[in-house]
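Hello,

Here is the structure I promised to hand over. Please open it first, then read my notes below.

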Protein chains: 2
Amino acid sequence: MKIHNFSAGPSILPESTIKNSADAVLNFAGTGLSLLEVSHRSKEFVAVMDDAIALVKELLDLPAGYEVVFVGGGASTQFCMVPFNLLAKKAAYLNTGAWAAKAIKEAKGFGEVVEVASSKDAVYNYIPKGYEVPSDADYFHITTNNTIYGTEIRKDLDVSVPLVADMSSDIFSRPIDVSKYNIIYAGAQKNLAPSGVTIAIVKEDALGKMDRHIPTMLDYRTHIDKGSMFNTPPVFPVYSALQTLKWLKENGGVAAMEKINIEKAGILYDEIDRNKLFKCTVEAAEDRSIMNVCFIMNDEYKELEKDFFDFATSKGMSGIKGHRSVGGFRASIYNAMPKSSVQALIDSMKEFEAKH
Amino acid sequence: MKIHNFSAGPSILPESTIKNSADAVLNFAGTGLSLLEVSHRSKEFVAVMDDAIALVKELLDLPAGYEVVFVGGGASTQFCMVPFNLLAKKAAYLNTGAWAAKAIKEAKGFGEVVEVASSKDAVYNYIPKGYEVPSDADYFHITTNNTIYGTEIRKDLDVSVPLVADMSSDIFSRPIDVSKYNIIYAGAQKNLAPSGVTIAIVKEDALGKMDRHIPTMLDYRTHIDKGSMFNTPPVFPVYSALQTLKWLKENGGVAAMEKINIEKAGILYDEIDRNKLFKCTVEAAEDRSIMNVCFIMNDEYKELEKDFFDFATSKGMSGIKGHRSVGGFRASIYNAMPKSSVQALIDSMKEFEAKH
């Protein structure tokens with residue numbers, strides 16, 4: 001039986017990423033050695049790192065003055081790296097979920113933090129609007145996609161201060177106007193690579209303005225200056241990332257991804273809205289994520305939740321259980337998720353409805 | 001031709017680690033999914049993490065009150081995590097190489113740092129002795145194996161304050177008396193796993209005594225409390241680490257490793273001392289590393305350096321070029337290096353000598 005991997009992350013990757021990564025574990029770039037045991041200073045791996053950085057720049061159309069780094073530690077480490085490097089006095093944050101809240105908590109260790117708006121009271125089921133960002137804030141931090149709740153900010157916001165964005169779960173899902181951001185960061189384990197590497201896109205001009213002591217590994221300049229080779233990088237995850245970046249380019253880049261992502265999410269939201277058994281947890285169409293689609297049973301069918309989970313599982317759907325704070329179901333349909341798998345989920349929803 | 005991988009790191013791993021890791025990239029634990037795309041919260045991966053932590057405890061015979069964490073960011077991040085968590089006022093450091101010097105540099109951002117001794121003047125070709133460690137230091141930091149220079153502290157030192165050790169390149173090469181240490185840390189990419197994960201062994205009692213703000217990800221307690229699952233861990237490197245830990249146990253554990261490591265290093269040092277063409281850069285036998293064996297051409301044969309490099313390369317020796325600060329050659333013979341490969345290097349040294 002074909003397994004459809006709707007896991008929220010680590011999550012589905014292109015088949016070519018998986019196959020090429022497995023091959024390289026056995027024989028890397030014709031060296032006769034495993035990718036796991038070659039020096040990161042070997043010319044073969046230096047080329048991997050250089051190509052990966054160049055492809056991120058190309059795919060996201062980075063303006064001059066921006067650099068790309070690959071680092072370890074996850075997006076959670078970025079929660080403190082951002083204020084270490086950018087928070088001189090005051091920063092503004094938008095609270096759109098548990099991860100945004102963690103970023104806010106970390107920033108408070110470094111200066112004044114203004115939470116401009118929050119949707120916490122409604123279990124984060126919408127993206128707040130109409131808030132004001134203090135014009136004297138050093139930056140405005142947003143979490144563009146909220147995996148747990150299925151909400152997404154799919155536009156590059158217009159505010160009076162530079163943006164900083166956690167794009168862990170929707171980077172490469174659409175074109176971005178990078179010039180609006182001082183920093184974009186993303187844990188790789190959704191749309192890019194296995195876990196263990198984080199990508200950061202940094203405006204160089206924004207750095208070097210702090211009075212505080214920044215530990216070497218937490219200073220973006222360290223990694224920019226050394227081309228992400230200051231210390232031994234996470235070799236294997238970077239290699240896998242390169243395979244996905246190549247796949248992205250071969251498949252038309254981020255504009256093509258956005259088109260198909262909107263299409264995939266569209267047919268699934270349509271089915272949720274149509275099917276009498278289910279309802280979407282996010283009401284406003286413009287807030288609905290095209291990466292994570294969250295839905296629950298309609299009130300009158302609540303008792304069927306476990307039955308549908310078991311039914312869908314028997315049809316090959318994997319990882320569709322919703323986060324415990326939301327309940328119900330979550331279908332994560334990242335770039336690598338084929339439309340046929342989304343259709344298989346829709347078919348199982350229709351079939352289950354017909355039975356009841 | 002068989003390639004003998006003498007690379008200093010990332011470096012040779014057991015064949016079973018490489019094979020099992022490649023297999024899991026294609027199908028992890030019979031799930032039908034790749035290890036690269038499964039949730040770190042899946043029962044199959046939770047078991048991997050639990051088993052890896054348990055095996056580290058078993059292999060290094062951890063006393064009660066010590067915990068093991070797997071984190072990202074490399075040993076370079078530990079250079080600041082150690083003082084973040086342990087340096088209240090003053091710390092003592094032993095300067096035995098470039099990596100020790102980097103650890104010292106980081107610690108200076110947090111308090112008074114006493115460099116008790118240094119072998120820098122002699123290109124770090126010996127381990128200083130006869131120094132005094134201030135009895136009011138919060139800890140005494142050592143780098144047990146100095147990859148670049150081929151020196152090693154192969155005993156657990158007796159000093160009046162708790163030890164902290166960077167064991168990146170010799171952890172699991174010998175039994176350790178863990179009770180003498182507050183923290184032992186090691187980047188995994190020598191004796192354990194591919195790069196991208198760092199292991200830290202932490203005495204829990206030593207934590208929680210700082211006044212300073214410690215960012216969440218840099219606080220060892222975060223990772224201890226959540227069993228190294230506070231955020232998404234580097235799934236693939238942890239899986240590979242578990243394969244090596246199993247191999248270690250099957251092969252008699254760290255005591256058996258020490259025996260064979262001494263034997264492997266012994267025959268190579270004997271050949272260097274005997275062969276008229278070469279000399280070891282480390283004179284004192286007790287300072288010679290059993291992990292990295294550094295040697296250069298004898299003065300009267302200096303012009304043969306490139307010839308020997310080419311000759312050895314033609315015989316399948318890979319990664320034997322010495323670090324630029326030392327020159328000559330470096331044979332890294334970590335746990336996974338079979339004696340037969342060391343013998344192949346020795347044979348090529350003998351054969352090259354016979355030609356000249």
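Start with the interface. In this predicted model, 52 residues of chain A are in contact with 52 residues of chain B. Contact means heavy atoms within 4.5 Å.

Some ground rules come next. This is a predicted model, in which local features need pLDDT of at least 70, side-chain atom pairs count only at pLDDT 80 or more, and totals for chains, interfaces and linings use all residues. Residues are numbered from 1 along each chain as its sequence is written, chains are lettered from A and ligands numbered from 1 in the order in which they are written, and side-chain values use heavy atoms, with hydrogens and water left out.

**The interface**

How much area do chain A and chain B bury between them? The value is about 3,900 Å², with 65% of it on carbon and sulfur atoms. Buried area is the accessible area (1.4 Å probe) that two parts lose on being put together, summed over both.

Which elements give two or more residues to the side of chain A that touches chain B? They are α1 (15-26), α3 (74-86), α4 (98-107) and α6 (235-250) of chain A. The residues on this side of chain A divide into 23 nonpolar, 25 polar and four charged. Here Ala, Val, Leu, Ile, Met, Phe, Trp, Tyr, Cys and Pro count as nonpolar, Asp, Glu, Lys and Arg as charged, and the others, Gly among them, as polar.

Between chain A and chain B, 12 residue pairs are in polar contact, both residues at pLDDT 80 or more. A polar contact is a pair of N or O atoms within 3.5 Å; within protein, one must be able to donate a hydrogen and the other to accept it, and residues adjacent in sequence count only if both atoms are side-chain atoms. A salt bridge needs a side-chain nitrogen of Lys or Arg within 4 Å of a carboxyl oxygen of Asp or Glu.

**Chain A as a whole**

Chain A has nine helices and 14 strands. Helices (H or I, at least four residues) and strands (E, at least two) are DSSP runs, numbered from the N terminus. The C-alpha trace of chain A spans about 60 × 55 × 30 Å along its principal axes. Buried residues make up 63% of the 356 residues in chain A. Buried means under 20% relative accessible area, exposed over 50%, and partly exposed in between (1.4 Å probe, protein chains only). Take the contacts in chain A with a separation of 6 or more: residues 24 or more positions apart account for 66% of them.

**Salt bridges**

Side chains of opposite charge can pair when their charged atoms come close. Over all chains, the structure holds 38 salt bridges.

Find A:E263 and A:K339 first. Their closest N and O atoms are 2.7 Å apart, in a salt bridge. The pair links distant parts of the chain: A:E263 lies in helix α7 (residues 253-274) and A:K339 in helix α9 (residues 339-355), 76 residues apart. A:E263 is partly exposed at 34%. A:K339 is partly exposed at 36%.

Next, find A:E271 and A:K350. Their side chains meet in a salt bridge (2.9 Å, N to O). Is A:E271 buried or exposed? A:E271 is buried, at 3% relative accessible area. A:K350 is partly exposed, at 36%. A:E271, A:R274, A:K350 and A:E353 are linked in a network of salt bridges.

Best wishes
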